[in-house]
Amino acid sequence: MNLSQRDKKHNWHPYTQHKTVADFPAIVKGKEALLWDENGKEYIDAIASWWVNPYGHSNKVIANAIYEQLTTLEHVLFGGFTHNKAVELSEKLMKILPSNQQKIFYSDNGSTAVEVAIKVALQYNYNKGIKKTKIIAFEDAFHGDTFGAMAASGISFFTEAFNGSLLEVVRIPIPTLGNEEEIIKELEKLVQTNQFAAFIFEPLVLGAAGMIMYQPEILDKLISICKQNNVFTIADEVMTGFGKTGKTFATDYLKNKPDMMCLSKALTGGTIPMALTTFTQEIFDGFYDDDVNKALFHGHTFTANPTGCAAALASISLLQTNEMQDNIQRVHQSHLQFESKIKNHTKVKTTRVLGVIFALEVKAENQESYYGTMRNKLYNYFIENGVILRPVGNIVYILPPYIITKKQLEKVYQTIENALEIV
């Protein structure tokens with residue numbers, strides 16, 4: 001049996017109905033923007049392996065940092081101890097995070113980063129003797145698969161099996177259709193009830209919803225309303241963080257900064273699972289007390305893992321190089337040129353670009369489901385033609401490694417153009 005066949009015997013893959021799927025390609029090697037399967041077939045990784053790998057596969061800078069750390073100190077518990085890489089990483093992050101962020105809590109992945117933020121928002125109020133048990137989120141948001149993160153998510157088929165078992169969340173529309181005033185009034189009405197601990201949002205781009213984009217001006221207004229009514233704001237930058245939108249963080253486009261930020265994915269350059277949640281000093285002070293019961297009793301075995309911290313330090317250093325910043329701008333300009341070419345195609349409904357993110361909506365007679373017929377047809381076509389793209393319903397998006405070459409991008413664009421002829 002080959003790897004793909006052996007895989008089916010025991011492995012349960014994410015977001016997969018195994019009864020209806022064929023064998024998965026078995027990837028055995030990666031270099032820069034390319035992956036190769038066990039049969040030698042080459043793929044362009046046009047989504048940076050779920051948005052985690054901006055600097056390319058098998059990056060030697062990150063690999064060397066990991067190797068050096070593994071041969072010095074691979075792990076030590078962070079409960080009751082610290083280490084130099086965690087200290088160095090927190091100091092490095094403070095230089096690039098919004099200035100109101102002062103404290104960092106380390107965890108494992110995007111979902112747990114969100115989970116920490118939600119728990120902190122709720123417990124902060126509990127510690128103060130204030131009853132705020134609800135949160136506000138956008139419709140169609142996706143914040144993760146653990147229970148708190150799942151509750152904040154609005155994509156129903158991900159969560160419908162757990163209705164009645166989740167934290168209470170009230171959702172407001174995404175401000176994309178000239179509906180800003182309506183949303184402002186709705187948020188003002190909600191926060192004045194004094195029932196809400198936090199408003200969580202994906203800043204400027206809702207990734208799993210289909211790269212839906214909205215403007216920083218309206219988000220600034222929504223954050224301002226929350227601040228005026230003592231509702232914490234949580235920026236989920238798990239996808240948008242570390243250069244995806246053209247700036248280091250999507251919140252760098254904002255005048256009003258969030259109270260908390262959730263970061264993961266590209267944090268370690270796609271090498272080691274790691275996440276962090278950042279906080280203002282005010283929030284940290286809400287747990288700083290002689291009463292031990294007011295501490296944040298939350299932790300992960302691999303919190304602030306030294307090897308992960310070393311990978312993150314190397315990744316951030318790569319992001320800050322002139323070469324990588326130039327790559328981001330190069331990909332952005334390339335997307336704009338492709339958008340100009342494709343937006344008037346008879347089968348394209350809408351297009352949008354922000355930073356290295358490109359998305360187009362394919363015209364569909366009926367509302368296309370997340371894993372519907374059109375999506376599956378497009379996905380299979382892309383894989384057959386050596387391009388890794390994962391459409392969201394009838395939304396095709398590109399979010400490539402920053403180091404992708406011009407020739408590789410051109411193949412991705414051409415493959416999308418060709419795919420439009422089969423739908």
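Reply: Let us begin with accessibility: a residue is buried under 20% relative accessible area, exposed over 50%, and partly exposed in between. The model before us is predicted. In this model W50 has 32% relative accessibility and therefore counts as partly exposed.

Me: Which class does Y15 fall into by its relative accessibility?

Reply: Y15 also counts as partly exposed, because its relative accessibility is 32%.

Me: How many aromatic pairs does the ring rule give?

Reply: Rings pair if their centres lie within 6.5 Å, and planes over 60 degrees apart count as edge-to-face. By this rule there are 14 aromatic pairs. In one of them, Y15 and W50, the ring centres are 5.8 Å apart and the planes stand at 90 degrees, so the pair is edge-to-face. This pair links distant parts of the chain: Y15 belongs to the loop between α1 (3-10) and β1 (27-31), while W50 lies in helix α2 (residues 48-51), 35 residues apart.

Me: Why is the pair of F199 and F201 called tilted?

Reply: The planes of F199 and F201 are at 45 degrees, with ring centres 5.1 Å apart, so this pair is tilted. F199 is buried, with a relative accessible area of 0%, and F201 counts as buried at 0% relative accessibility. Ring pairs join F199 and F201 with F138 and Y214 in a cluster.

Me: Where does the charged end of K103 sit?

Reply: The charged end of K103 sits over the ring of F284, 4.4 Å from its centre. The charged end of R375 sits over the ring of Y379, 4.7 Å from the centre of that ring.

Notes
Residues numbered from 1 in each chain as written. Predicted model: local features only at pLDDT ≥ 70, side-chain atom pairs only at ≥ 80, totals over all residues. Heavy atoms only, no water. Phe/Tyr/Trp six-rings, centres within 6.5 Å; stacked < 30°, edge-to-face > 60°. Helix = DSSP H or I, 4+ residues; strand = E, 2+ residues; numbered from the N terminus. Buried < 20%, exposed > 50% of the residue type's maximum accessible area, 1.4 Å probe, protein only. Lys NZ or Arg CZ within 6 Å of the ring centre and 35° of its normal.
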